[in-house]
Amino acid sequence: MATPAEIYSAILADPDDLELRRRYADAIEATDPEHATLIRLDLARARATRENVLLYRRVIPRLAAPVAHLLVDWKVRNGLVESVTMTARAFVDHGDEVRAHLPVRHLVLTEAAGLMPEIAGVASLGRLVALDLRGNPIGDDGLTALVGSRYLGRLRWLGLARCGIGPAGAEALAASRNLPALRYVDLRRNPVEVTAQGIGQDIDGKPMWVEMPALGQELIARYGPLSWLDIEWGWRWLGVGWDEV
């Protein structure tokens, strides 16, 4: 029978495998029953009772303990720390250390402007399904550097709102062949409109219709269908969460 340490190592290698989380909960039942219970509750998406909330408050603060000093914030999903916020410099310098301790699938970076070439070279990107750069003024050059990374094969969600992205950056994103799994890109509040836009508002609060901006149409014509340029995303007024794709 595999030890808890062996199962946790398997989780780090494959954070998407939720069956490993169940096995880990069973393996730590005798030594850490509260964390085992939290994992099962989280996987079951159990309702937030007072007892459950108190359990989370007791357990969650210690789950990132080995690397908490490197993080701005962290969040638990599926019973383990899956989402972390880091400064870009901390990620460049210590991303591999965090990867060795936590099954991170969603990374939020701050202070990333000027560091995108270094970020693109961090192997820890290879585990991510979601990368959030919103609010970082990385511009077209920064996005071009990022999409040149060879570590983006698992990435499904990319947050680029308010990043100063123009036509050149959008084209670099569309032209890249390093993002085979990419399904959704948040490009709101940039100098140009690229992705599908909801127009008007119906009585139910949804858009009355959806249009693809001219630049998006040009990119599709040039590079073929791209999941993140699917017009259906335009029906989602408030965007799409990283854990929805």
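Is asparagine 52 buried or exposed, and what is its relative accessible area? Asparagine 52 is buried, at a relative accessible area of 14%; here buried means under 20% relative accessible area, exposed means over 50%, and partly exposed lies in between, with a 1.4 Å probe and protein chains only. Its place is in helix H4, residues 50-63. Helices (H or I, at least four residues) and strands (E, at least two) are DSSP runs numbered from the N terminus. Leaving out residues up to four places away in sequence, asparagine 52 touches Leu41, Ala46 and Arg47, where contact means heavy atoms within 4.5 Å.

Before we go further, a word on what you are looking at. This is a predicted model, in which local features need pLDDT of at least 70 and side-chain atom pairs count only at pLDDT 80 or more, while totals for chains, interfaces and linings use all residues. Residues are numbered from 1 along each chain as its sequence is written, and side-chain values use heavy atoms, with hydrogens and water left out.

Let us turn to the sheet. Six strands form an open sheet with mixed pairing, in the order E1-E2-E3-E4-E5-E6; two strands pair if DSSP finds at least two bridges between them. At the edges are strand E1 (73-77) and strand E6 (184-186), each of which pairs on one side only. Neighbouring strands of this sheet are turned by 10 degrees against each other on average, direction ignored. For such angles, axes are lines fitted to C-alpha atoms, for helices over the stretch in contact, and the values run from 0 to 180 degrees between N-to-C directions.

E1 pairs with strand E2 (residues 80-87) in the antiparallel sense, over five bridges, and tryptophan 74 stands opposite valine 84 in E2. The two strands form a hairpin with two residues between them, and asparagine 78 in the turn has a positive phi of about 60 degrees. The next step is parallel: five bridges join E2 to E3, with serine 83 opposite histidine 106 in E3. Strand E3 (residues 106-110) is mostly covered, as four of its five residues are buried. Further along, strand E4 (residues 130-132) and strand E5 (residues 157-159) run parallel and are joined by three bridges. In that pair, leucine 131 has leucine 158 in E5 as its bridge partner.

Asparagine 136 lies in the loop between E4 and H7, and it counts as buried because its relative accessibility is 4%. Apart from neighbours within four places in sequence, asparagine 136 is in contact with Leu109, Thr110, Glu111, Ala112, Ala113, Arg162 and Cys163.

Now for the helices. Helix H7 (residues 139-147) packs against helix H8 (residues 167-175) at an angle of about 10 degrees, with their axes 8 Å apart. H7 is therefore roughly parallel to H8; angles under 35 degrees count as roughly parallel, over 145 as roughly antiparallel, 65 to 115 as roughly perpendicular, and the rest as oblique. Asp140, Leu143, Thr144 and Val147 in H7 meet Pro167, Ala168, Gly169, Ala170, Ala172 and Leu173 in H8. H8 has Gly169, Ala170, Ala172, Leu173 and Ala174 as its buried residues, and their cover includes H7, E5, E6 and helix H9 (214-223).

Beyond residues up to four places away in sequence, leucine 173 touches Leu143, Val147, Leu158, Leu160, Leu179, Leu182, Val185 and Trp228. Valine 185, in strand E6, is buried, with a relative accessible area of 2%. The C-alpha atoms of valine 185 and leucine 173 are separated by 9.8 Å, with the residues twelve apart along the chain.

Finally, step back to the cores. A nonpolar core is a set of buried Ala, Val, Leu, Ile, Met, Phe, Trp, Tyr and Cys residues joined through side-chain atoms within 4.5 Å. The largest has 70 residues, and those with the most contacts inside it are Leu102, Leu131, Leu133, Leu160, Leu173 and Trp228. Helix H3 (residues 33-43) gives the most to this core, with five residues. A second, separate core has eight residues, including Ala130, Trp157, Trp233 and Val245.
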